Amino acid sequence: MGPRERAFVIVLSIVVLGATLSPLVRHPDEDTFPLSTYPMFSHARPRELVMVHALGLDDAGARTPLPPMISAANREVLQSMATLQQAVRGGRARAQCEEIAARVASGEGLDHVVRVEIATDTFDVVAYFEEDHTDPLARSVHATCAVPR
C-alpha cells in the first residue's frame, strides 16, 4: 500500500469513526439517517397515555371502545385517533359523534350499543396491562349522542 492509499484509508477511517461516535455528543432526542440512535428506546416513556377515542355505551352504561372502522371509517387506529382529535379541536365533536352513531346503527355486532361517547381518557399504561386496571385515571367527555334505531 502506497502513501496515498494509506492516507486515504486513515482519513476514511477517521470520518467513519467520527460519524459512528457523533451520537455521543448530540442530544438523545436527535435522530438522523443513516446513524439512528433509536431515541424511541433511549428514554423512559411517560407512564400515562392521553387519548381521544369513541366509546359505545350499552343500556347499563358499560363502555366499549369502538373499532376504527366505526369511529372514523378507517382501518388504522392512529388515523382514527387523529380524526377524533381533529373533530374535538375543530369543535365538530357532536357532528363526529352523530356520524359514528349512524355507523353503529348500520354496523354488525353493535346491537348492544345505545349511545356513543367521544372522550379524552388518561390511562396508566403499566397498570392497564400489568395490573388489569383498565379504568381511566381521568375522563373528559366531548360529546354523547344516541344511536338511531
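**Note on the pockets, aromatic cluster and disulfide**

1. Strand E1 (48-57), strand E2 (63-65), strand E3 (115-124) and helix H6 (125-130) each contribute at least two residues to the lining of the largest pocket. The model under discussion is predicted. Within that lining, E1 provides the largest share, with 4 residues. The space in the largest pocket amounts to about 270 Å³. The pocket is lined by 15 residues, of which His 53, Pro 65, Phe 123, Tyr 128 and Thr 134 are the closest to its centre. By residue class, the lining of the largest pocket comprises 9 nonpolar, 2 polar and 4 charged residues.

2. The second largest pocket has a volume of about 170 Å³. Its lining consists of 13 residues, and those closest to the centre are Met 51, His 53, Leu 66, Val 77 and Ser 80. At least two lining residues of the second largest pocket come from each of E1, helix H3 (68-71) and helix H4 (77-89). Its lining divides into 10 nonpolar and 3 polar residues, with no charged residue, whereas the lining of the largest pocket includes 4 charged residues.

3. How many aromatic pairs does the structure hold? There are 2 aromatic pairs. In one of them, the ring centres of Phe 123 and Tyr 128 lie 5.6 Å apart with the planes at 80 degrees; because an angle over 60 degrees counts as edge-to-face, the pair is assigned to that class. The rings of Tyr 128 and Phe 129 have their centres 5.0 Å apart and their planes at 70 degrees, so this pair is edge-to-face as well. Phe 123, Tyr 128 and Phe 129 together form one aromatic cluster.

4. Phe 123 is buried, at a relative accessible area of 9%. Tyr 128 is partly exposed, with 31% relative accessibility. Phe 129 is exposed, with 67% relative accessibility.

5. Which residues form the disulfide? The structure holds 1 disulfide, and Cys 97 and Cys 145 form it, with their sulfur atoms 2.3 Å apart. The link of Cys 97 and Cys 145 is left-handed, with -100 degrees about the S-S bond. Cys 97 belongs to helix H5 (residues 93-106) and Cys 145 to strand E4 (residues 138-146), so the pair ties together parts that are 48 residues apart in sequence. Are the two cysteines buried or exposed? Cys 97 is buried, at 0% relative accessibility, and Cys 145 is buried, with a relative accessible area of 2%.

6. The chain is divided into domain 1 (1-43) and domain 2 (48-146). Taken over C-alpha atoms, the centres of domain 1 and domain 2 are separated by 46 Å.

7. One further residue may be noted. Leu 78 lies in helix H4, an element that supplies at least two lining residues to the second largest pocket. Leu 78 is exposed, with a relative accessible area of 65%. The C-alpha atoms of Leu 78 and Ala 146 are 25 Å apart, and the two residues are 68 residues apart along the chain.

Key: Residues numbered from 1 in each chain as written. Predicted model: local features only at pLDDT ≥ 70, side-chain atom pairs only at ≥ 80, totals over all residues. Heavy atoms only, no water. Phe/Tyr/Trp six-rings, centres within 6.5 Å; stacked < 30°, edge-to-face > 60°. Buried < 20%, exposed > 50% of the residue type's maximum accessible area, 1.4 Å probe, protein only. 1 Å grid on protein atoms, 1.4 Å probe; cavity = no way out; pocket = protein on both sides within 12 Å on 5 of 7 lines; lining within 4 Å. Points joined across faces, edges and corners; volume = space filled by probe spheres on them. Nonpolar A, V, L, I, M, F, W, Y, C, P; charged D, E, K, R; others polar. Domains from an automatic or database assignment. Disulfide = S-S within 2.5 Å.
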